[in-house]
Amino acid sequence: MPAVASPRSAALDVLGVPGEINLDYAATAPCARAAADAVTELLPWYASVHRGAGALSRRCTLAYERARQTIGDFFGASADDHVVFTRNTTDALNLLARSLPVGTTVVTFAGEHHANLLPWPRGSVRLPVPANPAGAVRALAAALTELRRDSNPALPVLVAVTGASNVTGELWPVAELARVAHRHGARIVLDAAQLAPHAPVDKHALDVDYLAVSGHKLYAPFGAGVLVGRADWLDAAPPYLAGGGATSHVGPATHDVTWATGPARHEGGTPNLLGAVALAAVCAALTDADRVALAAREEALLARLRAGLAALPHVVELRTFGPDAPRVGIVSFVVAGQDSATVAARLAAEHHIGVRDGLFCAHPLARRLLDEAATRTGRKDLPPTALRASIGLGSTAAQVDRLLTALAGLA
Ligand SMILES: Cc1ncc(COP(=O)(O)O)c(C=O)c1O
């Protein structure tokens, strides 16, 4: 197989520990040099944000607001969108769930990560996992037609979909789903947690109303994510975190409070400055990078990994849409006759390879795909949970080959 050359700049080099092979980017990607450098540069200036008049404080406040701007630009936010800092995608989607107008129906698919299944209110509609992307578009159109016919058309509807599956890496037809949603007067939120680390995500180009991401999956440290999207529901909602920074006036009476509008309304408490700045630094580095070349490199690595897995007779890949569906660098699979947790532990202990095992916080999808794999192969010895290998900026062909060799040794 051809060697995979790296087209990335030094800013997108990732930190790691020599000898340890991280093939679990989908859970948490390693920290990029750009993020580490931005944090190191700011640390001497470390002071309060939005709360102090000193030079250090003013610099920190500026850095925080610049980070918001950079991240908003990176994701194609329009001038009247809010970019609200959150802890991660789960937090961002919970914020949106708490901001829904009364009577909103949320429509989603059973293939989502729990973060995009569980926050939504009772009465939400969960569509079955479709057989292919076109099936997803058709199912959404049918569901929205029915919903509009059977319920008050004045009530809001929100469609919630992922850009790329955290189980299979397969891409969902976001732009088409957005078109269908808007045709039916619904809004759409994109869970971009797994798509953003692998491909440009532009809110405007995809025509989504909101998007949510996690910094720690996008080569920044833990604890910073964003919800980007339309201002009206967010400005009308009760503050997500009531407290300092979220108010414009607090009077002497218990309920004499005027809440701020804008992102501050939902960012009560002292913010995660370093997380925001680190995430913005990665966004800036990715903006400067050749994303086409990065994607081509990842695709070559993924092809190497999937071809290698397919060549192992005791390994079965999980998939929703079929073997040739476009996908990002995530593959879930099982080793026939072997417990997935034990395989993951052996890969770690004997080969210094880190992968994920379990049902990947997407239990309905993972269980369904495990059943499908058993039916497809006719095997009765597939385990009840799976393994997942995921790659990104720091991954190499040698690492992929090490995993394949280790798995071959498990036969
Ligand atoms: C598709 C998807 N959405 C949401 C999440 C939740 O992300 P976080 O744990 O950073 O909140 C994940 C995490 O794996 C994910 O893969």
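Modeller: Ala, Val, Leu, Ile, Met, Phe, Trp, Tyr, Cys and Pro count as nonpolar, Asp, Glu, Lys and Arg as charged, and the others, Gly among them, as polar. The model discussed here is a predicted one.

Biologist: By class, how many nonpolar, polar and charged residues does the shell around the ligand have?

Modeller: The ligand is surrounded by 13 residues, and the closest are T90, D191, S214, H216 and K217. Sorted by class, the shell has two charged, two nonpolar and nine polar residues.

Biologist: Which side chain has an N or O atom 2.6 Å from an oxygen atom of the ligand?

Modeller: The backbone of T89 places an N or O atom 3.4 Å from a ligand oxygen. A polar atom in the side chain of S214 lies 2.6 Å from an oxygen atom of the ligand. An N or O atom at 2.6 Å from a ligand oxygen is also found in the side chain of H216.

Biologist: How much of the accessible area that the ligand has on its own does the protein cover?

Modeller: On its own, the ligand has 390 Å² of accessible area.

Biologist: What distance between the end C-alpha atoms should helix 9 span, and what is found?

Modeller: Helix 9 comprises 20 residues, 291-310. The expected span is 1.5 Å times one less than the number of residues, so helix 9 should span 28 Å. The end C-alpha atoms agree with this, being 28 Å apart.

Biologist: Which residue has a side-chain oxygen that reaches the backbone nitrogen of V292 at the start of helix 9?

Modeller: The contact is at the start of helix 9 and involves the backbone nitrogen of V292. The side-chain oxygen that comes within 3.2 Å of this nitrogen belongs to D290.

Biologist: Against which elements do the buried residues of helix 9 pack?

Modeller: The buried residues of helix 9 include L294, L301, L302, L305 and L309, as well as R291, R297 and E298. Their partners are strand 11 (315-317), strand 12 (330-335), strand 15 (386-390), helix 2 (55-74), helix 8 (273-288) and helix 12 (397-408).

Biologist: Is F360 buried or exposed?

Modeller: F360 is in the loop between strand 14 (356-358) and helix 11 (363-377), and has a positive phi of about 60° although it is not a glycine. Its relative accessible area is 1%. Buried means under 20%, so F360 is buried.

Biologist: How does C361 count by relative accessibility?

Modeller: C361 is located in the loop between strand 14 and helix 11, and its phi is positive, near 50°, in a residue other than glycine. Because its relative accessibility is 32%, and values between 20% and 50% define the class, C361 counts as partly exposed.

Note on methods: Residues numbered from 1 in each chain as written. Predicted model: local features only at pLDDT ≥ 70, side-chain atom pairs only at ≥ 80, totals over all residues. Heavy atoms only, no water. Helix = DSSP H or I, 4+ residues; strand = E, 2+ residues; numbered from the N terminus. Buried < 20%, exposed > 50% of the residue type's maximum accessible area, 1.4 Å probe, protein only. Contact = heavy atoms within 4.5 Å. Polar contact = N/O pair within 3.5 Å; in protein donor to acceptor, adjacent residues only side chain to side chain. Near = heavy atom within 4 Å. Areas by Shrake-Rupley, 256 points an atom, 1.4 Å probe, with all protein chains shown as cover.
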